[in-house]
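Me: I am new to this structure. Can we go through it in short questions and answers?

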Amino acid sequence: MDSHQEIEQVKQQLTSIISKLILVIGLLVFTLLSIPLIMYYQDLPSKAKISKENITSAEIDEDTTLYWTSLNIDNILDKNQKELASYGKELIMHTAKYLGPKGSVLKMSNGLNCQNCHLQAGTAVFGNNFGSVASMYPKFRARSGSIENIHKRINDCFERSLDGNSLDTNSKEMRAIATYINYIGGNVKKGEKAVGSGFKDMDFLNRAADPKKGLSVYQLKCQSCHQANGEGLLNADQTEYVYPALWGNHSFNDGAGLYRITNFAKYVKYNMPQGVTHKSPMLADEEVWDVASYVLSQKRPHKQTPNDWPDISKKPIDHPFGPYSDSISERQHKYGPFQPIVNLYKQKNNVYNYWLEVYVLQYLFLCFPHLL
Ligand code: HEC
Ligand code: HEC
């Protein structure tokens, strides 16, 4: 090989390295330039969603959605199963009679009935119904960081919403409640959510919810039933609430789902005052958020939950207890404004997605240079 050939070879190698370098730089420039595009397109669906959520009451009247309706336990053929499911339904409607402070079976909870929050024995559209339980459980829940079966989920509400103890999984009461809930949702496909289950979404306020304004809403729109001190009203023999407690010793504790203001607000907007449905809300959004902040600023039982949210980045925006994966205050996480928190998380997500794309492209290039 003469020196001329050697020079040619080095030249060729150099051009190949340089062209690869140019490609890498080109790719980097391309991905950098695509940031605004990626962000723009990722924003589109959420923009569409927000405008769809702003439906007017006229549009609600024309709502032709087929909402989930529960199966009727009277149709259960097996006599024992039917009896068990009916007992389960009875326990959900009149929990306190059996398991409350004066419970005839066990004294293990605060006096609320499951039905106070899961309206019409857990069958009401957007009344926090049980339509998606049979179809979705067992499922992973970020709060516990584990896969929860229906028994664990039921006991979650006993320990938090009913500020009580858990039921033995093999007890007749637990089997009855689980049988009832599983049966009524048996018409929903496994893995799918029932239409109208849980709560109906509502818009955020562009300010923090205000407990002071909430007090006057409370006095005007809630107090006649739930009483001035939020302690509710018991029936004559004190076995069950006519109007359940909203705060104080007999209310849900601060580890409960309803202690999160978005859940509380959605429940109230489409279910309170008593008789309101998702088709006939009575309170304006502002009244709802403010009264929610008023009720949630009152005293209630505290629950130690050191094992909740093992991955703090999965905490919902309105989880009222730190630490958080952001630097937003506990107060803002409790009362809002929430849109800035949503925007921050979206932005974080976009930046994360962008760098993921850059790394994938570079990885592809390094592993398969001949592809380029
Ligand atoms: C103070 C209100 C309240 C009471 C009382 C209550 N719950 Fe709940 N329950 C909730 C809320 C709120 C959720 C949804 C929480 C969330 O997703 O963060 C929920 C969720 C559930 C779920 C899961 C639903 C799903 O689709 O994932 C089950 C099952 C359940 N509750 C059972 C019960 C049972 C059984 C009782 C009575 C022992 C009960 N609850 C009493 C408020 C309550
Ligand atoms: C006409 C009486 C009445 C009025 C007024 C009323 N509620 Fe209720 N509320 C009830 C009844 C009854 C229940 C239990 C529902 C059931 O068991 O079917 C309930 C349940 C609740 C619950 C869930 C159970 C609990 O104890 O935590 C909340 C939260 C609630 N109401 C909030 C409010 C708020 C806020 C207002 C005012 C905007 C209000 N309610 C106005 C009668 C009323």
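Me: How do the residues of the shell around ligand 1 divide into nonpolar, polar and charged?
Reply: This is a predicted model. In the shell around ligand 1, 1 residue is charged and 10 are polar. The nonpolar residues number 15.

Me: How many residues surround ligand 1, and which are the closest?
Reply: The shell holds 26 residues. The closest are Cys114, Cys117, Cys157, Ser161 and Gly257.

Me: Which helix gives the largest share of the shell around ligand 1?
Reply: Helix 5, helix 8 (150-159) and helix 9 (172-184) each supply at least two residues. The largest share is 4 residues. That share comes from helix 8.

Me: Which domains each give at least three residues to the shell around ligand 1?
Reply: The protein is divided into domain 1 (73-184) and domain 2 (205-337). The shell around ligand 1 draws at least three residues from each of domain 1 and domain 2.

Me: Which residues are closest to ligand 2?
Reply: Ligand 2 is surrounded by 25 residues. The closest are Cys222, Cys225, Pro244, Pro273 and Gln274.

Me: Which helices each supply at least two residues of the shell around ligand 2?
Reply: This shell draws at least three residues from each of domain 1 and domain 2. The helices that each supply at least two residues are helix 5 (114-117), helix 11 (223-226), helix 12 (261-271) and helix 13 (285-295).

Me: How many residues of the shell around ligand 2 are nonpolar?
Reply: The charged class has 1 residue, and the polar class has 6. The nonpolar residues number 18.

Me: How far apart are the C-alpha centres of domain 1 and domain 2, and how many residues does each give to the contact?
Reply: The C-alpha centres lie 22 Å apart. Domain 1 gives 21 residues to the contact, and domain 2 gives 24 residues.

Me: Which elements give two or more residues to the side of domain 1 that touches domain 2?
Reply: By class, this side has 7 nonpolar, 9 polar and 5 charged residues. The elements that give two or more are helix 4 (95-99) and helix 5.

Me: Is helix 3 roughly parallel or roughly perpendicular to helix 9?
Reply: The axes of helix 3 (residues 79-93) and helix 9 come within 7 Å. They cross at roughly 95°. Angles of 65 to 115 degrees count as roughly perpendicular. Therefore helix 3 and helix 9 are roughly perpendicular.

Me: What classes of residue make the contact of helix 3 with helix 9?
Reply: Helix 3 brings residues including Leu84, Tyr87 and Lys89. Helix 9 brings residues including Arg175, Ile177 and Tyr180. By class, the contact has 9 nonpolar, 3 polar and 3 charged residues.

Me: Where is Pro138?
Reply: The peptide bond from Tyr137 to Pro138 is cis, with omega near 0°. Pro138 sits in the loop between helix 7 (133-136) and strand 1 (139-141).

Me: Is Gln238 buried or exposed?
Reply: Gln238 lies in the loop between strand 3 and strand 4 (241-243). Its phi is positive, about 60°, although Gln238 is not a glycine. Gln238 has 12 C-beta neighbours inside 10 Å, so Gln238 counts as exposed.

Me: What is the phi of Gln227?
Reply: Gln227 is found in the loop between helix 11 and strand 3 (233-234). With 15 other C-beta atoms within 10 Å, Gln227 is partly exposed. Gln227 is not a glycine, yet its phi is positive, about 75°.

Me: Is Arg300 buried or exposed?
Reply: Arg300 is in the loop between helix 13 and helix 14 (330-335). Beyond its neighbours within four places in sequence, Arg300 is in contact with residues including Trp247, Phe252 and Asp254. Arg300 has 22 C-beta neighbours inside 10 Å, so Arg300 counts as buried.

Note on methods. Residues are numbered from 1 along each chain as its sequence is written. Chains are lettered from A and ligands numbered from 1 in the order in which they are written. This is a predicted model: local features need pLDDT of at least 70, side-chain atom pairs count only at pLDDT 80 or more; totals for chains, interfaces and linings use all residues. A residue is near a molecule or strand if its C-beta atom, placed from the backbone, lies within 6 Å of it. Ala, Val, Leu, Ile, Met, Phe, Trp, Tyr, Cys and Pro count as nonpolar, Asp, Glu, Lys and Arg as charged, and the others, Gly among them, as polar. Domain bounds come from an automatic or database domain assignment. Two residues are in contact if their C-beta atoms, placed from the backbone, lie within 7 Å. Axes are lines fitted to C-alpha atoms, for helices over the stretch in contact, and angles run from 0 to 180 degrees between N-to-C directions. Angles under 35 degrees count as roughly parallel, over 145 as roughly antiparallel, 65 to 115 as roughly perpendicular and the rest as oblique. A residue is buried if 20 or more other C-beta atoms lie within 10 Å of its own, exposed if 12 or fewer, and partly exposed in between; C-beta atoms are placed from the backbone.
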